[in-house]
Amino acid sequence: MTGVPIVVHPPLPAGGRRVTVHSDGRDEVLGIAYSDHDLAVFLAAAGVADPEAVVNDPRWLEWRGARAHEFHGD
């Protein structure tokens, strides 16, 4: 783990990106995000106070396998 608690994984072939949060020594899947709105909803449900700010903050969130804010697979 890189130390960043929230990871947006590479796009899935059918679209969407798995979102995980690292807490208490393990990774928990929050869901599959198909948009920034989905991502913000997952983060809010996980207790993030300002999810819209977190999606662009590399101290909190890491985008893997594709550019940030892209949710469609090949």
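**Hairpins and overall build**

Student: Which residue takes a positive phi in the hairpin of β1 and β2?
Tutor: In this predicted model, the hairpin of β1 and β2 has five residues between the strands, and G15 takes a positive phi near 105 degrees there.

Student: And how many bridges join β1 to β2?
Tutor: Four bridges join strand β1, residues 6-11, to strand β2, residues 17-23, and the two strands run antiparallel. You can look for V8, which stands opposite V19 in β2.

Student: What about β2 and β3, how many bridges join those?
Tutor: Seven bridges join β2 to strand β3, which covers residues 26-33, and this pair also runs antiparallel. Within that pairing, V21 has E28 in β3 as its bridge partner.

Student: Which residue has the positive phi in that hairpin?
Tutor: That is D24, with a positive phi near 55 degrees, in a hairpin that has two residues between the strands.

Student: Zooming out, what pattern does the chain follow along the sequence?
Tutor: Read along the sequence, the protein chain goes β-β-β-α-α-β, with two helices and four strands in it. The radius of gyration is 11 Å, close to the 11 Å that the globule rule gives for 74 residues, so the chain is as compact as a globular protein of that length.

Student: How much of it is buried?
Tutor: Of the 74 residues, 35% count as buried, while the chain exposes about 4500 Å², of which carbon and sulfur atoms supply 53%.

Student: New topic: how many positive and negative side chains are there?
Tutor: There are 6 positive and 11 negative side chains, and the centres of these two sets lie 5 Å apart.

How values were computed. Residues are numbered from 1 along each chain as its sequence is written. This is a predicted model: local features need pLDDT of at least 70, side-chain atom pairs count only at pLDDT 80 or more; totals for chains, interfaces and linings use all residues. Side-chain values use heavy atoms; hydrogens and water are left out. Two strands pair if DSSP finds at least two bridges between them. The radius of gyration is taken over C-alpha atoms; the globule rule is 2.2 Å times the number of residues to the power 0.38. Buried means under 20% relative accessible area, exposed over 50%, partly exposed in between (1.4 Å probe, protein chains only). Accessible areas come from the Shrake-Rupley method with a 1.4 Å probe; for residues, only the protein chains shown count as cover. Lys and Arg count as positive and Asp and Glu as negative; His and the chain ends are not counted. The place of a charge is taken as NZ of Lys, CZ of Arg, CG of Asp or CD of Glu.
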